[in-house]
Structures are given as C-alpha cells and as structure tokens.
Amino acid sequence: QGADIALGTQTFDRTQPVEVTADELSIDQASGQAVFDGNVLVVQGEVRLSAGKVTVEYSTEGTAPNGVSRLIASDGVTFVTPAEAIEAREATYSVADGTVRLSGDVILTQGQNAIAGETLTLDLNAGSGRMEGRVRTVFTPGGN
Amino acid sequence: MDAADRYSRLVHWLKIALPLAALAILSTLFFVAETLNPEAAIPYAEVDVDRILREQGVTRPSFGGVTAGGIAIAVTADSVRPSPDAPQTMDGTTLNATLDLPSGGHIEITSPSGRVDGTTQTAALSGGARLESSTGYTVTTDRITASVIDGSVVSEGGVSATGPAGHIEAGRMELRRSEDGTYRLVFGDGVRLIYRPTP
C-alpha cells in the first residue's frame, strides 16, 4: 500500500544549473566515472540534497558522455524542499527529468505531520510524490 | 623594269640590315641576364653562433620512464638549459608530458615553461599548466609536478576544470592510484561543480 503526497514546490525548473560542492571529487581515468565524497551538497533552485557520497551518471550520446543524467546519492541522504524535509539511506536524483527516488527508511516531514515508509518517488515538476512499503503516518495531535 | 629593280634593291638592303639586327639582339643577351649573386647560392643559418657557444643547451630533449605503478611517462621540451641554481636540474621551454595509464586512459600536460629535476626524477610544469585527460576533462592550473618514480601528478594552487560533468573549481588536483590499481584524478580542498542541464 502506498500514500500519495502533494509537495509544496510548484515552481521547480529542471533547467536551472545544478551546483555540487564536496570535500573531494574523483574521476576514474579508465571509465570516466565521477564520484563526489565527503559531505556532498547538491543544490538546484530551492531544492537541496545532501549526502555522504554522490556518483555522477552520464547520459551518453553514442560513446561520448554529453551531460549528467542521474546523481546517485548514498551514505545517508537528506532532501530538502521549501516545504518538506526527507531523510533516507539512498536517493537517485534524475536531473534529466526532475524526478527523485529515495529508499531505505524514508521519513518525510511536512509541517506538523510526518510519513515514513520504504521508498518514496517524487516528481518535482508535477509537485507530487508516492510513498510505498510499510507506510506509517505520524500526526502531532492538536499542537496549540 | 624599275619594279624589279626596287624589289632587288629592297632585298639587297635587307641582306645587310637583317644580319645586323640579329647581331644587335644577340649582343644584348648578356646585358639583360639577371645578376647572379654567388652569396645567395648557399643559405647560411642565421643562428647566433656565440650564444650557442656561451650556453650549453639541448634542443628537443626527452626524458621519461615507466613508474612503479606502470604509467609510461614521457616529458619533452622545446629547448632545455641547465638551471644555474640547482645541480642536475634543467630549465625548459614549452614542456609537454604525456602519461599512458596501465588501466587505459591517457593524460597530456603542457606548459610554457618548466624545470626537470634529475635527482628527484620529477618534472615541474609551470607558467600556466594545462592537463587534458582522455576522459574528456581539461584542467588548468598554475603548476603541475609529475614524478617518474611514483607516477604522482600533483597541482600546486587552485585548479579549474571543464568536462562532461560540468565546470569544476577546486583547491588542488592529484592523480591517485586506488587499491584496485586503477588511477583516479582527484580534486580536493573544497570542490565546487556547476552543471547547466541542456534544456
């Protein structure tokens, strides 16, 4: 069973520049794979994703990589939008189509209430998400 | 009758005038001949001979080897002169270092000037070094030091790079060998990358 979630972010523009800061970036000279290590922070517009490690996956035109298609974050991920904060173990942020898939003890807090589950897929363009796997909702009753 | 006379008189004059004209043309042959300059026949090299005598220099030297990790390094320079202040070291112009990595991959570093140190077997490429990697990344920094012994390549000072993942700024850059024997170009000291998605 799953729960649909409406996200607060309506104005997400996936062509905004993506800025990644980290302690270290290493590029494998055989495969060309780029990996960010050490408190990595990915910022695009008002959306921010921080993780221990982020691997860059290229979209390839023929054999030559011609841009970033996905960022695979691991070692504990927090994903923050203006209205929500989401914790998970891993996340795959597809820059190409503006979708995020978080998995591993996902906890989404939105204002007062929180939802927990196994995996959460978000579509930032549409501003919607779907939580699946042992979904539990936590309400804080009647805060004054 | 006089027509025939005039004709024969004409022929008579022509018999004299034509050979004279031929002689005149022949004699001018030697005046119009282009002046031969024996000096220009052998082009001399305009090289400052006494500069060569004063400084011992080597042109197009190359220096290199295979590192412990299996990288084939070759460093060439346009010209090299022994540096006055350090023994066994040479200062060179337009240096070019190429590294062939065992795990596949190729790195080429060029710089306008540099110093090759025989004792430590290192080449320091300075004056604005530029590194191009076969993975599509181009790195520019001030100085890069490459060592033939351990195959380390280290930048001194900040670097900026562009490549498939975007534009990168970092505090330093180093070629590091990971446990499984593959080589990684590692940017450190605070890395910042900007990637503009193509719409």
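Biologist: Let's start with B:R184: does this residue count as buried or exposed?

Modeller: This is a predicted model, in which local features need pLDDT of at least 70 and side-chain atom pairs count only at pLDDT 80 or more, while totals for chains, interfaces and linings use all residues. Residues are numbered from 1 along each chain as its sequence is written, chains are lettered from A and ligands numbered from 1 in the order in which they are written, and side-chain values use heavy atoms, without hydrogens and water. Buried means under 20% relative accessible area, exposed over 50%, and partly exposed in between (1.4 Å probe, protein chains only). B:R184 has 19% relative accessibility, so the residue counts as buried.

Biologist: With which residue does B:R184 form a salt bridge?

Modeller: Side chains of opposite charge can pair when their charged atoms come close. The rule for a salt bridge asks for a side-chain nitrogen of Lys or Arg within 4 Å of a carboxyl oxygen of Asp or Glu. Here the closest N and O atoms are 3.4 Å apart, and the partner of B:R184 is A:D28.

Biologist: What does the pair of B:R184 and A:D28 join?

Modeller: Over all chains, the structure holds 13 salt bridges. In this pair, B:R184 sits in strand 13 (residues 183-188) of chain B and A:D28 in strand 3 of chain A, so what it joins is two chains.

Biologist: Nice! How many salt bridges are counted between chain A and chain B?

Modeller: The contact between B:R184 and A:D28 is a salt bridge. For chain A and chain B, the count comes to 3.

Biologist: How much area do chain A and chain B bury between them?

Modeller: The size of an interface is often given as the accessible area lost when the parts come together. Buried area is that loss (1.4 Å probe), summed over both parts. Of what these two chains bury, 57% is on carbon and sulfur atoms, and the total is about 2,300 Å².

Biologist: Which residues of chain A lose the most area to chain B?

Modeller: Contact means heavy atoms within 4.5 Å, and 28 residues of chain A are in contact with 31 residues of chain B. Three residues together make up 29% of what the side of chain A buries: A:L25, A:I27 and A:Q29.

Biologist: How many strands does chain A have?

Modeller: Helices (H or I, at least four residues) and strands (E, at least two) are DSSP runs, numbered from the N terminus. Chain A has 0 helices. Its strand count is 12.

Biologist: With which strand of chain B does strand 2 of chain A pair?

Modeller: Two strands pair if DSSP finds at least two bridges between them. Strand 2 of chain A pairs in the antiparallel sense over 5 bridges. Within that pairing, A:T21 has B:R192 as its bridge partner. The strand of chain B is strand 14 (residues 191-195).

Biologist: Now for a pair inside chain A: how many residues apart are A:D105 and A:R89?

Modeller: Their side chains meet in a salt bridge of 2.8 Å, N to O. The pair links distant parts of the chain, with A:D105 in strand 9 (residues 99-110) and A:R89 in the loop between strand 7 (84-88) and strand 8 (90-94), and the two are 16 residues apart.

Biologist: Where in chain A is A:E118, the partner of A:R134?

Modeller: The side chains of A:R134 and A:E118 meet in a salt bridge at 3.4 Å, N to O. A:R134 is in the loop between strand 11 (128-132) and strand 12 (136-138), while A:E118 is in strand 10 (residues 113-123).
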